[in-house]
Amino acid sequence: MKYKILNSQKFSKGDYSIVPIRLEDRYEIMKWRNEQMYHLRQNEVLTPNKQDIYFESVVSELFEKEKPGQILFSYLEGEKCIGYGGLVHINWIDKNAEISFIMNTELEKIHFDFHWEKFLYLIEKVAFMELELHKIFTYAFDIRPHLYIAIEKCGFQFEAELKEHCYFQNQFKSVKIHSKINSFKGLKLHLATSSDVERTFEWANDMMVRKYSFKNDPILWDNHKEWFNEKINSSNCAYYILRLNEQCIGSIRFDLENNKAKINYLIDPDFTGKGLGTKILEGGMEKLKMEKPSIKLVYGYVFKDNRASIKIFENLGFKMISEKGNDLKFEKDIK
């Protein structure tokens with residue numbers, strides 16, 4: 001099944017991904033919920049019959065709604081479901097949503113932080129990049145202090161404590177709320193057009209940009225203009241400009257050959273150090289998968305001393321496959 005509201009249906013980080021909640025995972029999800037009732041807003045044991053009814057009457061309707069109240073995902077390692085969660089109580093007027101997530105109970109003791117961090121990374125992509133929500137938050141009974149450590153590592157801030165807010169297991173429990181604001185609201189990738197030629201020319205000759213360029217000679221205007229027009233009109237190139245509230249702040253280009261694409265990207269020197277390298281690379285790959293589905297592999301070259309770009313490639317699941325002189329080659333399968 002696919003969510004009508006989402007352009008992308010799968011969000012990945014390395015071997016882990018979230019996909020629209022799968023019917024085949026419903027009984028595993030039921031089992032985990034029953035085992036973890038102590039921290040859930042669930043007051044009775046689920047049965048297979050109740051779970052079937054819920055999926056048939058509630059979940060099935062979410063996929064076709066323009067503005068569903070919740071968007072649920074199966075959390076996968078490879079193709080195996082090891083958890084589930086999503087955005088719930090979505091407020092489309094105020095543009096906020098609560099995060100819900102549980103994992104296979106067997107993973108809770110040893111891998112709790114690891115999977116919470118992976119899931120939060122993925123659900124942020126849905127909330128902030130796809131849905132353009134303003135804020136996401138967690139609402140948790142104050143019985144798992146290790147949860148706060150995990151979510152705060154991912155940039156969530158403690159916002160409020162509701163004292164003795166819920167009556168649970170014969171006791172009044174407080175609720176703690178942590179939240180994160182979309183700091184990149186207004187961030188968009190657009191296909192490059194002829195109106196971008198001057199800005200890209202400025203970047204091409206910027207000293208900070210040229211520091212990590214493979215060609216260090218100054219770029220001449222006529223040469224750049226000819227090259228740029230050739231790229232934006234070529235069927236073998238996908239060229240995008242990153243804009244923040246209509247201000248051009250970076251670019252990413254994919255040169256296509258058969259089922260492969262070579263990556264070149266840059267961030268305006270005035271905007272470096274803000275995590276935009278990761279945003280433009282993962283956003284560009286999402287665009288590429290949608291618009292050029294024949295592309296199965298992407299690769300790029302990085303200078304050995306460009307630690308920032310190396311870290312970005314590694315964090316997005318790229319593998320270094322070769323080293324030649326000062327150049328490192330990274331690639332990733334995007335099937």
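Helix α1 passes helix α2 in a right-handed crossing, and this predicted model is a friendly place to start looking around. The axes of the two helices come within 10 Å and cross at roughly 120°.

**The α1 and α2 pair**

- Two packed helices are described by the angle between their axes and the distance between the axes.
- With an angle of roughly 120°, α1 and α2 are therefore oblique to each other.
- On the α1 side, the residues that meet α2 are Arg26, Tyr27, Ile29 and Met30.
- Their partners in α2 are Pro48, Gln51, Asp52 and Phe55.

- His39 counts as buried because its relative accessibility is 11%, and the cut-off for buried is under 20%.
- The His39 side chain makes a polar contact with the side chain of Gln36, at 2.9 Å.
- Another polar contact links the side chains of His39 and Arg144, at 3.4 Å.
- Setting aside residues up to four places away in sequence, His39 touches Ile102, Phe141, Ile143, Arg144 and Phe168.

- With a relative accessible area of 8%, Asn182 is buried.
- A polar atom of the Asn182 side chain lies 3.0 Å from the backbone oxygen of Leu133.
- Beyond its neighbours within four places in sequence, Asn182 is in contact with Phe128, Glu132, Leu133 and His134.

**Cysteines without a disulfide**

- The count of disulfides comes to zero.
- For Cys154, the nearest cysteine sulfur belongs to Cys81 and is 20 Å away; a disulfide needs the two sulfur atoms within 2.5 Å, so Cys154 is in no disulfide.
- Cys154 is buried, at 16% relative accessibility.
- Cys237 is in no disulfide either, and its nearest cysteine sulfur, that of Cys248, is 16 Å away.
- Cys237 is also buried, with a relative accessible area of 10%.

How values were computed: Residues numbered from 1 in each chain as written. Predicted model: local features only at pLDDT ≥ 70, side-chain atom pairs only at ≥ 80, totals over all residues. Heavy atoms only, no water. Buried < 20%, exposed > 50% of the residue type's maximum accessible area, 1.4 Å probe, protein only. Polar contact = N/O pair within 3.5 Å; in protein donor to acceptor, adjacent residues only side chain to side chain. Contact = heavy atoms within 4.5 Å. Axes fitted to C-alpha atoms, helices over the stretch in contact; angles between N-to-C directions. Helix = DSSP H or I, 4+ residues; strand = E, 2+ residues; numbered from the N terminus. Parallel < 35°, antiparallel > 145°, perpendicular 65-115°, else oblique. Left-handed = near helix turned anticlockwise from the far one by under 90°.
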